[in-house]
Amino acid sequence: MDDLISEFLTETGESLDVIDSELVRFENNPEDRAILDNIFRLLHTIKGTCGFLGLPRLEAVAHAGETLLGKFRDGELSVSPPMVTLVLQAIDQIKVVLESLENSGVEPAGDDAELIGRLEDAAMGRLPEQAAEEVQQEPENWDADLGRELRPGEVSLADLEAAFNSAAPEVDVPAVPTAEAAPAEAAPVEAAPVEHLGVGDFDPDLGRELRPGEVSAAELEAAFASAEPEVSVAPTAELISKDMSREEALQTAMAELKGSDEHVMGEGGVKVMATVRVGVDVLEALMTTVSELVLTRNQLMQTVRGLEDDDLKGPLQRLSAVTGELQDGVMKTRMQPIGDAWRKLPRIIRDVSTDLGKKIELVMDGNDTELDRQVLELIKDPLTHMVRNSADHGLEMPADRVKAGKSEKGTIKLSAYHEGGHIIIAISDDGMGLNTKRIGEKALEKGLTTHEELERMTDQQIHRFIFAPGFSTAEKVTNLSGRGVGMDVVRTNIEQIGGVIDVTSTAGKGSNFSIKIPLTLAIVSALIIGCDEQRFAIPQLAVRELVRVGAGSDHTVENLNGARVMRLRDRLMPLVDLHDVLGVGEAYNGASDETGFVVVLDAGGRNVGLVVDNVLDTEEIVVKPLSDSLRGVHAYSGATILGDGSVIMILDPNGLAGEIVTAMDDEATIDAGASKAAEMANTQRLLLVRAGGSEPKAVPLALVTRLEEFEPQAIESTNGRLVVQYRGRLMPIVPIGSEIRTVEGQRQPVLVFAENHTSIGLAVDEIVDVVEERVDLQMSSDKPGVIGSAIIKGKATDVVDIAWYLDQSRAGNIQRRSSNRRRRILLVDADAFARRMIAPLLAAAGYDVTPTGGMHEVHAIAEAGEKFDAMVGDPSALSRIRQEGLWPNLPTLAVTDWPEDTQAEGLTAVLPRSDRGALIAALDSVSQEEKVA
Amino acid sequence: MTTHHGDNAELSAESMNEYVSVRIGDQLFGAPVDAIREVFAPQSVTSVPLAPSEVAGLLNLRGRIVTAIDARRRLGLPPRDANDAGMALGVERGSEIFGLIVDSVGEVLRRPRAELEPVPAHVDPTWRSMVKGVHRLEKELLAVLDVSAVIGSAGAKAEAA
């Protein structure tokens, strides 16, 4: 019985999905009898099966729904949205019951009397005289047998009735197959005997004809065609067992007849196709076998290629061709039309439009586009989410649409098509488009970007923020969307299956989301690369381009503090050597006679260059999962067997990027708590200087108090340290670079930094320029005195770590802070550059700094229960922390470029970012106060 | 189905343990016959950088990818001679096949079940976790391998890493 129930659950689930979408279609085309007939038949079958399986609760609900549908069908009631809603509610209720049936195996206790009452009211209450009439009109002796069970819908099938009446007497005749026949039929396990296939195929109790996972059996179709005349009697007789009540027998028989009727006519809303049901595991096993066959074939081909044996070549050609066909055929069994994933959408759209009072038309294009079952499962939810989003946020209210000069009815268009081994799914609407301003504000609020950056971004770049984690722009949480899990979840899901998602949007015109996913996860196109005598596969989808480096190439691998970079179209691209990542062989040393290849990978949206020895081939590979022992190694996503029979590993670009970012983080943390490298960019005024080498170095101008020049002889050496008399005091001078190279007769340029009434001078060779540049710290550094590197005026430039030099100048001085505990500061600033500058400055001033880039990090720290003595950072972030009540009573010092424009409410002080002295003084004073208190 | 009137040979078969005898280092081990799917000569094993050390690599066994586990590594023995590929015991676990690489494979041995003795308490804990018991043969001891333990913790280790 368990088998029966689970079979029933699968079938019914699928039927209900069909009913959902068919009902919505029906609502729009109330005149279309074919749709109604189909719905009616499906619901009727569910009811019949429930009766057979002894599920009274489901049966009652299905029955009431069917009654109402019967009225539509007989033309006694006209179809209206409230009516359809009611039927949909009945369907939903059936789903609820089914779900708990699935979990517990028994029908849950409960009462659907209220819903049934409403359905019956709708069927009869609204048109009572007609309904009453109908009852009286119920013909012949049917109601004697069936009583209330008999509904108008059933009765109307007068033609079938006659057929049934002639078959009914056979029910009690012993010649009819015994009770076992019924369960055997109702539980059509994969391998039904061939002579029963016809029966099974046409039996609605066995489920809808077209099934996912079913294999179309075109050749059987012909056989069925000839068998068809018998169908109407034979299966009926077989299905009706002695054990069934007469009522059930009638229903089964009728369902049976109607089903076959439907087939003969071939006019249903669903395409009718001859199919057999095959278990998914059988298909998977077949797929594996075929993969092996293909590989063996490839091996054979490779062996024979070198031979001159024509006797062998002929048959081998044939074997090869047949194998190819077999592979295609088996691949097809895995394919399902994308329409299967869309089936729920019309219903969802209908619900959204009813709930929100919007008028929405859903256009679906390319339903037949096929893709792998597994992929289909994985994109179902993201797609649903996106369509909901479009309906909820994208489309405007009818009145607003009219105001904007558009038609009242909004359109959401879904389309799918193939494009070079991928499937492209587009979801577009003609709504208001994405709100660029709002997204920008939200991105700022969430600490995802900075004002400066935002200004330089194109609209599309800003729109892409909707894919950032935790981003949701809904003004309010509706019951449809805006629960905070938004497009980022969609993006993650799509990326998991090796897909990409993008958005374009025009204000007032609408938005268009496009998703590109591989057709199948089982076979991917891969680049085969060589590294230290070994071969590896990289999925093509992640490869952006290939660059040859070394001898005879324009591109060279450059070193920046030991970190490898390459210039690629005016950008510095971090390079990682696969040798280093995998710990094998020797890394590419960049010597002029050595050549190498850089595979530019798209790793989490960033370009990362992977240095490999050789690029060998591209090949379609069958991805095999890794065993448990290797699943922990993130560098790989699987393994595959190449044509020559050897096993190679498939590199996982995201996993590799993970390794790279971790490596960068490690370097960065050494650097006085600075954060992730190569992330955010910002415009800064920079002082370019030359010191200790020919290449320029950059110092943020905001930190420099004054530029001075001293006569070489004014610089004196006391106690091994250089000092200069400056404004009546001795100011220590520290050279940037190794030493001061004074040139006779030339004045020594010095950058003066003032802090707490003391000044410190950094001596440089030459002051080159002041530039305002977008600083994108691309590489972090572990070299003392350098924070990282950036491209400034087209050149790779080291950014000087002022704090480190200030510490140097103080070496030997009394420890500035006498407190026995270093005070802890929480630094919150979305701007990576600001973080990197402020953190070391505060650290140098004797504070223990925890830098954070955004609220999510802050929350993580708050949850970890960390305690601080003060907070420093971006005013909006600090206000936010205040509002959320994290670390109450903590002094908050806001640092900003525009102190006069900043709301100081709730903040202890607002200070200009350029005034480091003021910040440290303020910090000192708040910690003093704390001590007093 | 148990036979109620089985003959003597069958009865004795039930009381006997069958082992595939394998040599790993200097020690003779017995792998229970029913735990072994097949014995094969590992060919062209692809090494996997970054993998746990006991994973000798991956190999292609008739179209299926087999994870080769080096028994010497697992038992903490010095590595084999580089030119010696050894032999592999195919072990099926769930849907995966593992190849346990040993030095050599000998004959199938039958030993009375009753003669299986527990592993002495002072044996190295690593070994004790992978050896189920010991049979005294005429000339030497036969250590009975717990094949799933030898394979098993390889997986567990990888997950923890």
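1. The model is predicted.

2. Chain A overall. It runs to 933 residues, and 41% of them count as buried. Take the contacts between residues at least 6 apart in sequence: 67% join residues at least 24 apart.

3. The pair H15(A) and H16(A). Helix H15 of chain A covers residues 280-305, and helix H16 of chain A covers residues 310-334. Their axes come within 9 Å and cross at roughly 155 degrees. The cut-off for roughly antiparallel is over 145 degrees, so H15(A) is roughly antiparallel to H16(A). The crossing of H15(A) past H16(A) is left-handed.

4. What lines that contact? The residues divide into 14 nonpolar, four polar and three charged. From H15(A) come Leu283(A), Leu286(A), Met287(A) and Val290(A), among others. The H16(A) side includes Leu312(A), Leu316(A), Leu319(A) and Leu326(A).

5. His422(A). This residue lies in strand S7 of chain A, residues 422-429. Is His422(A) buried or partly exposed? It has 19 other C-beta atoms within 10 Å, so it is partly exposed; buried would need 20 or more.

6. Partners of His422(A). Neighbours within four places in sequence aside, His422(A) is in contact with Lys516(A), Ile517(A), Pro518(A) and Leu519(A). Leu371(A) is 51 residues from His422(A) in sequence, and their C-alpha atoms are 9.0 Å apart in space.

Technical notes. Residues numbered from 1 in each chain as written. Chains lettered and ligands numbered in written order. Predicted model: local features only at pLDDT ≥ 70, side-chain atom pairs only at ≥ 80, totals over all residues. Helix = DSSP H or I, 4+ residues; strand = E, 2+ residues; numbered from the N terminus. Buried ≥ 20, exposed ≤ 12 C-beta atoms within 10 Å, placed from the backbone. Contact = placed C-beta atoms within 7 Å. Axes fitted to C-alpha atoms, helices over the stretch in contact; angles between N-to-C directions. Parallel < 35°, antiparallel > 145°, perpendicular 65-115°, else oblique. Left-handed = near helix turned anticlockwise from the far one by under 90°. Nonpolar A, V, L, I, M, F, W, Y, C, P; charged D, E, K, R; others polar.
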